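Trainee: Could we go through this structure together? I would like to start with the overall layout and then turn to the contacts.

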Amino acid sequence: MSISQAVEVAGDGSRSEFRRGVASCAPVLFGTIPYALVLGAQATQKGLSVVELSAMTGLNFAGGSEFAAIQLWTSPPHIVLIVAITFLVNSRHLLMGAALAPFLRHLPRRKMFPALFFLCDESWALGLADARQRAAAGITPAFSPRYYMGAALAMYLTWVAFTTLGALLGPMLGHVETYGFDMAFPAVFLVLMRGMWKGVAAARPWLVSLVVAALTYLMVPGAWYVAAGAVSGLVSAWFFWRET
Amino acid sequence: MIDATTLFTIVLMAGVTYLTRIGGYLVLRNRTLSVRATAVMEAAPGCVLISVIAPAFVSRNPADLLALAITFVAATRFSMLPTVLIGVASAGILRHLIG
């Protein structure tokens, strides 16, 4: 489909929809940049080259899993562990995609396969919130693909550019731990978890995960504490569950 | 510049990540999970995130523990950017002061 055809199909001005997506993502980008710089700087300390780091953030494009991978990175990397942790950290995408799916039924799969490559916490949250708003306002189709792509591409380009910049600046920054930049990592995760907070009862599995992961970290060498903590939390969630 | 094992690891990471992105859309599109399975899935991201940062909670450095406590409180009230700034600043300053 040519660009002019695409504009015609969109009807309401695809360019303005794209721009609306970029604009709604702008405040999020402001928060993403320091996080991206820190990841890039940490990666070079673990021995990754700038090209390797750019390849990771450009091909994988999932910050949480990249932070986890860099934390666990050794030379040579423990491939099974890193890929398994990447899957565990990103397993939330399965739920996110499922939540978005009802809004995507009118769109052909061949368009959704590339679009979903850019699914991240931010583009998902913005796209879904927008679709719900438009549905409430009676606009059909509720999901605006160009709005979503505007937000998603803004995130993608910022993420890859600033993680790369962080890797380039990394050696100049020296050891980030000295300055406290490594605290950005718990900070970001704790804020993400606050966004997922649904009360004390729903958070009990998180406490199980924290305790098991911490004990495993203290007692078992290597990085198995992530898997141990995550799996025990999920098992506890299954048993904590009560029919309401 | 680019190591074969590293590239292989990155490509595998990218592959499983992409599968998680399309998996929910493809598999769960025409299906409803049981309430119990949904509850487990909803807890999953938090379980993973807290497990990854668990070592910070058992640090032997008092400066790190204090900085984490400050960051924790900040995360309950502020958005991403201020929390990151408070966390990084408190860790940097406390490590300098307490060591």
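Trainee: Which pattern does chain B follow when read along the sequence?

Mentor: Chain B reads α-α-α-α along its sequence. Please keep in mind that this is a predicted model. The secondary structure of chain B consists of 4 helices and 0 strands.

Trainee: And how many helices and strands does chain A have?

Mentor: Chain A has 13 helices and 0 strands. Its pattern along the sequence is accordingly written α-α-α-α-α-α-α-α-α-α-α-α-α.

Trainee: What about chain B and its radius of gyration?

Mentor: Chain B has 19 Å, but a compact globule of 99 residues would have a radius of gyration near 13 Å. The C-alpha trace of chain B spans about 55 × 45 × 25 Å along its principal axes.

Trainee: What percentage of the residues in chain B is buried?

Mentor: In chain B, 42% of the 99 residues are buried. For chain A, 50% of the 244 residues count as buried.

Trainee: Changing topic: which domains are assigned in chain A?

Mentor: The assignment gives domain 1, covering 13-196, and domain 2, covering 198-244. The centres of domain 1 and domain 2 of chain A, taken over C-alpha atoms, are separated by 24 Å.

Trainee: How many residues are in contact between these two domains of chain A?

Mentor: On one side there are 6 residues of domain 1 of chain A, in contact with 4 residues of domain 2 of chain A. Helix α5 of chain A, residues 79-90, gives the most to the domain 1 side, with 4 residues. By class, that side of domain 1 has 6 nonpolar, no polar and no charged residues.

Trainee: How many residues of chain A are in contact with chain B?

Mentor: There are 78 residues of chain A in contact with 60 residues of chain B. Helix α11 of chain A, residues 184-196, gives the most to the chain A side, with 12 residues.

Trainee: How does that side of chain A divide into nonpolar, polar and charged residues?

Mentor: The side of chain A that touches chain B comprises 60 nonpolar, 15 polar and 3 charged residues.

How values were computed: Residues numbered from 1 in each chain as written. Chains lettered and ligands numbered in written order. Predicted model: local features only at pLDDT ≥ 70, side-chain atom pairs only at ≥ 80, totals over all residues. Domains from an automatic or database assignment. Contact = placed C-beta atoms within 7 Å. Helix = DSSP H or I, 4+ residues; strand = E, 2+ residues; numbered from the N terminus. Nonpolar A, V, L, I, M, F, W, Y, C, P; charged D, E, K, R; others polar. Buried ≥ 20, exposed ≤ 12 C-beta atoms within 10 Å, placed from the backbone. Rg over C-alpha atoms; globule rule 2.2 N^0.38 Å.
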